[in-house]
Amino acid sequence: MPNATVVQSPTVVALTALITVVSPYTGDDNGDNFARLQWRVAGTGVWLDAFPMDLERTTRRWQGVIYDLLPSTDYEVRIEYSDPDGASAPWTGVVKTKPD
């Protein structure tokens, strides 16, 4: 289906106090997809919403940043995708911020 969102592997980069995420996708020719970025300290129970991700439709990628993190800490990052035409399953990964 050309309108379904098919997500490719995101690029996640951790610095001392922030994590950047770039999530490319294919499909969604009708432009109605959405991505939600969440995070938590690894092993904790509650997911927190990051600021809304920016969408670059011409390059077909979602971009987001998670701010105000602790250095040398493991974080779980999750991206949930939605599209009325169908979307890939959520992506979850673990990344450690750099030391101070």
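These are my notebook entries on what I looked up in this structure.

**Entry on the model**

I am working with a predicted model, in which local features need pLDDT of at least 70 and side-chain atom pairs count only at pLDDT 80 or more, while totals for chains, interfaces and linings use all residues. I number residues from 1 along each chain as its sequence is written, and side-chain values use heavy atoms, with hydrogens and water left out.

I looked up the strands, which like helices are DSSP runs numbered from the N terminus (a strand is E with at least two residues, a helix H or I with at least four). I found four strands in an open sheet, in the order β5-β4-β8-β9 and with antiparallel pairing. The edge strands are β5 (48-49) and β9, each of which pairs on one side only. Two strands pair if DSSP finds at least two bridges between them, and strand β4 (residues 34-41) is joined to β5 by two bridges. Across that pairing I noted Q38 opposite D49 in β5. In the hairpin of β4 and β5, six residues lie between the strands, and G43 takes a positive phi near 90°. On pairing β4 with β8, I found eight bridges in the antiparallel sense, and I noted Y81 in β8 as the bridge partner of A35.

**Entry on β3, β6 and β7**

I then turned to β7, which pairs with β3 in the antiparallel sense over six bridges; there the bridge partner of S23 is W62 in β7. Strand β6 (residues 54-56) also pairs with β7 in the antiparallel sense, over three bridges, and D54 stands opposite Q63.

**Entry on two positive phi values**

The hairpin of β6 and β7 has four residues between its strands, and R60 in the turn has a positive phi of about 50°, a positive value in a residue other than glycine. R60 counts as partly exposed because its relative accessibility is 28%. S72, in the loop between β7 and β8, likewise has a phi near 50° and is a residue other than glycine. With a relative accessible area of 40%, S72 is partly exposed.

**Entry on the largest nonpolar core**

I count as a nonpolar core a set of buried Ala, Val, Leu, Ile, Met, Phe, Trp, Tyr and Cys residues joined through side-chain atoms within 4.5 Å. The largest has 18 residues, of which I19, V21, L37, M53, I66, V77 and I79 touch the most other members. The elements giving two or more residues to this core are β3 (19-27), β4, β7 (61-66) and β8, and β8 gives the most, with four residues. I followed the contacts of I19 (heavy atoms within 4.5 Å) and, leaving aside neighbours within four places in sequence, found among them V12, V13, G64, I66, L69, V77 and V95.

My last stop was the loop between β8 (74-82) and β9 (91-96), where D83 lies. Beyond its neighbours within four places in sequence, D83 is in contact with N3, A4, T5, D28, D32 and N33.

A87 has its place in the loop between β8 and β9, and it counts as partly exposed because its relative accessibility is 35%. Not counting residues up to four places away in sequence, A87 touches T5, Y81 and S82. I also looked up E76, which is eleven residues from A87 in sequence and 21 Å from A87 in space, C-alpha to C-alpha.

Key. Buried < 20%, exposed > 50% of the residue type's maximum accessible area, 1.4 Å probe, protein only.
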